[in-house]
Amino acid sequence: MKIAIRNGRVVDPASGRDEVTDIAIAADRIVAIGALSPDFQAERTLDAAGLVVAPGLVDLAARLREPGQEHEGMLESELQAAAAGGVTSLVCLPDTDPVLDEPGLVEMLKFRARKLSRCRLFPLGALTRSLKGEALTEMAELTEAGCVGFSQVDVPVADTLVLMRALQYASTYGYSVWLRPQDAWLGKGVAASGAVATRLGLSGVPVAAETIALHTLFELVRITRARVHLCRLSSAAGVELLRAAKAEGLPVTADVSINSLHLTDVDIGYFNADMRLTPPLRQGPDRDALRRGLADGTIDALVSDHNPVAEDMKNLPFGEAEPGATGLELLLSLALRWGEDHRLPLAQTLSRVTSEPVRVLGDALGSLASSAGRLVEGGVADICIFDPQAQWSVQPHELCSQGKHTPFGFEATGMALPGRVRTTLVAGTVAYERR
Amino acid sequence: MLSRRNPQLNAHGELIHLLSIEGLPRAVVTQILDTAGSFLSVNERDVKKVPLLRGKSVFNLFFENSTRTRTTFEIAAKRLSADVINLDIARSSTAKGESLLDTVANLSAMHADMFVVRHSESGAPYLIAQHCAPHVHVVNAGDGRHAHPTQGLLDMYTIRHFKRDFTQLSVAVVGDIVHSRVARSDIHALGILGVPDIRAVGPKTLVPGDLREMGVRVCHDMAEGIRGADVIIMLRLQNERMSGAMLPSAGEFFKSYGLTPEKLALAKPDAIVMHPGPINRGVEIDSVVADGPQSVILPQVTFGIAVRMAVMSTIAGNAA
């Protein structure tokens, strides 16, 4: 289908383009950016006057809960949530049931996602079998099946020898390893160590749980030269270590979640289980350091850390509640909120959820690497059109995601969020339209 | 983020649940202590009953075993003429997989008026208070490491009984503070009542520096911690902490932090010694001290009944 997007403010973070103009789409490609030639016969015209036309968002961390946890989330509902959030590519995590450690499971997941054609799906494979931290998975086979990297999600590899071998093996093939820096023992608490956890009598996770793991990982990266993506940094000290590692030239990248970017442990209030998150929310200075780190590029990408959690898994005492919050539909707005707070140009704000995550993925995206997260002629037409002026109040029951738990619900925060997605196109096809 | 109203107070600032001492207005605390004073005489009469909760059903929901605390709540409720139902849930429904809120919903359907809740998870009574019917009142009888507010109040009653004025006191809380809900409730209550010098005493594994944020002076040296104190609150050391990564042995703990007559001599001559019970003789406290003239451990138990009567009658009289 031929689609014309007219009079939108076209913002492409990678090239720095920011101008009011048109975009022509034919089949799955952008064929022209600029005033449209009269020869272009659009079958559909989208009037984008007053709206921003941006690359579709690329989210490096979303749990879709399939296979095995369909009571918490289904591919259909969660990919619909992605489209509603303007997310056109997402990286999903391997801690499903069964764990994504077999090529067949990955192929099935990719196949199911393709059939829904709501959002491109890029699975991470498990780094070790069943995420047990003992035996390596068949990384080459899994890559062939569609995995873009290998992860332990929230299960630290306690055995340093296994961790070193995993990094050596992955670097043999140039695969990237995605690890959340967390010490296996110090990381066992349910809230960040500090005054709030002490006062509420919640077991704490000290900052050292993150920094010790980072020191170990950086040392192993020096030895193995493996490409490591650090998931969900949570502390100011962690940002400092990352900054030094990058200055040294280590092949590392990192992300931060929308939750850690906007919230602190004080928001736990009276044991609000919506604030039960992994990594745990830390203190104000940590949040501020994460925000600055994302602005200055020390942290490469902002992620939704989407994790739909069923009602009965949240309606439990804080420590027993399942960690996680729905996030795909909030990613854009919370990126914009952060950008506004730091007075960043729109293109720079959007880069953290478009071109930068694509850079993190790198060659693993294959032919998409040159155009996903960007707006380029001849590139894929993955596009998010949003109203930058719209303010909206998050009403959890209105979200497409099966997970209705978010710390950003209007009732809890009294806070309206900026930016509302109007239309999402994936491969030149309308995947979502807000009526 | 919006700051939410303290869930244990209604819109008029009256107590409808007792979940934690933290954040209670001083007037509310003082009023409960005054009310408890009037109930003490009831407990000394031949007929130890008043009709304040007649016709009301009080459910003791103990998700964690504690015969002692449950018994004191049962006695308090019965002396207020309530019907008391004891549920030892640690061994029943949740063991069969029923969720906490399902259990509460079922019991609410049996027309409960008050839940007295003990749970091993910090914050569990908040969850119950948020999900039960508006006419139901919740009393926290101990949640995880978080709070044990009736113990805190009875400790305050005891201190007031023996010392009168809170505003000149030095109070030392000694032992396993990090895992102690009693310590947290005491520290909040002492602060609310204006105690200027609160000390938390113990080794660094049991008394973390973060406690300073609760307004206490952290002392890792026992002599420094109890020198000149008017009140010494000894905490029970749980068996599972007596050996392992927290402490090497009960014996070594006693040597450094156990309250002996020699150490007690460092406190003020008229200092009182308190303990929430049950005591470990020879672990946190020497028998000579526990049974000695400065010990007020048994009066604490007596006052505990009156304080729990005061709490239950107070919250039952306030509507959500």
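Author: Happy to! Let us begin with what contact means here: two residues are in contact if their C-beta atoms, placed from the backbone, lie within 7 Å. Please keep in mind that this is a predicted model.

With that in hand, look at helix H4 of chain A, residues 160–173, and helix H6 of chain A, residues 208–224. From H4(A), the residues that meet H6(A) are A:Thr160, A:Leu163, A:Met164, A:Leu167, A:Gln168 and A:Ser171. Facing them in H6(A) are A:Thr216, A:Leu220, A:Ile223 and A:Thr224. Sorted by class, this contact has five nonpolar residues, five polar ones and no charged residues.

How do the two helices lie against each other? Two packed helices are described by the angle between their axes and the distance between the axes. For H4(A) and H6(A) the angle is about 45°, and the axes are 10 Å apart. That angle makes H4(A) oblique to H6(A). The crossing of the pair is right-handed.

H3(B) and H4(B) pack at an angle of about 45°, with 10 Å between their axes. These two helices are therefore oblique to each other, and H3(B) passes H4(B) in a right-handed crossing. On the H3(B) side the residues are B:Leu100, B:Leu101 and B:Val104. They meet B:Ala124, B:Leu127, B:Ile128 and B:His131 in H4(B). By class, this contact has six nonpolar residues, one polar residue and no charged residues.

H3(B) and H4(B) also turn up where the chains touch. The contact between the chains takes 24 residues from chain B and 21 residues from chain A. On the side of chain B that touches chain A, helix H3 (100–109), helix H4 (124–131) and helix H6 (181–192) of chain B each supply at least two residues. The largest share of that side, three residues, comes from H4(B). The residues of this side of chain B divide into eleven nonpolar, six polar and seven charged.

Now step back to the whole of each chain. Chain A has 14 helices and 19 strands. Its radius of gyration is 21 Å, close to the 22 Å that the globule rule gives for 435 residues, so chain A is as compact as a globular protein of that length. Taken along the principal axes, the C-alpha atoms of chain A fill a box of roughly 65 × 50 × 45 Å. Chain B has eleven helices and nine strands. For chain B the radius of gyration is 19 Å, close to the 20 Å from the globule rule for 320 residues, so chain B is as compact as a globular protein of that length. The C-alpha trace of chain B spans about 55 × 45 × 45 Å along its principal axes.

The sheets come next. In chain A, six strands form an open sheet with parallel pairing, in the order S9-S10-S11-S14-S15-S16. Strand S9 (125–126) and strand S16 (301–303) of chain A are the edge strands, and each pairs on one side only. At one end of the order, strand S15 (residues 252–257) of chain A pairs with S16(A) in the parallel sense over three bridges. Here A:Ser257 stands opposite A:Val303 in S16(A).

In chain B, five strands form an open sheet, ordered S7-S6-S5-S8-S9, and the pairing is parallel. Strand S7 (217–219) and strand S9 (272–274) of chain B stand at the edges with a single partner strand each, so one side of each has no neighbour in the sheet. Direction ignored, neighbouring strands of this sheet are turned by 20° against each other on average. Strand S6 (residues 197–201) of chain B pairs with S7(B) in the parallel sense over three bridges, and B:Ala200 has B:Val218 as its bridge partner in S7(B).

Finally, a few backbone details for your notes. A cis peptide bond joins A:Asp97 and A:Pro98, with omega about 5°. A:Pro98 is found in the loop between strand S7 (87–92) and helix H2 (103–116) of chain A. Chain B has a cis peptide bond between B:Gly277 and B:Pro278, with omega about -10°. B:Pro278 lies in the loop between S9 and helix H10 (287–290) of chain B. A:Asn7 has a positive phi of about 65° although it is not a glycine, and A:Asn7 sits in strand S1 (residues 2–12) of chain A.

Definitions and conventions. Residues numbered from 1 in each chain as written. Chains lettered and ligands numbered in written order. Predicted model: local features only at pLDDT ≥ 70, side-chain atom pairs only at ≥ 80, totals over all residues. Axes fitted to C-alpha atoms, helices over the stretch in contact; angles between N-to-C directions. Helix = DSSP H or I, 4+ residues; strand = E, 2+ residues; numbered from the N terminus. Parallel < 35°, antiparallel > 145°, perpendicular 65-115°, else oblique. Left-handed = near helix turned anticlockwise from the far one by under 90°. Nonpolar A, V, L, I, M, F, W, Y, C, P; charged D, E, K, R; others polar. Pairing = 2+ DSSP bridges. Rg over C-alpha atoms; globule rule 2.2 N^0.38 Å.
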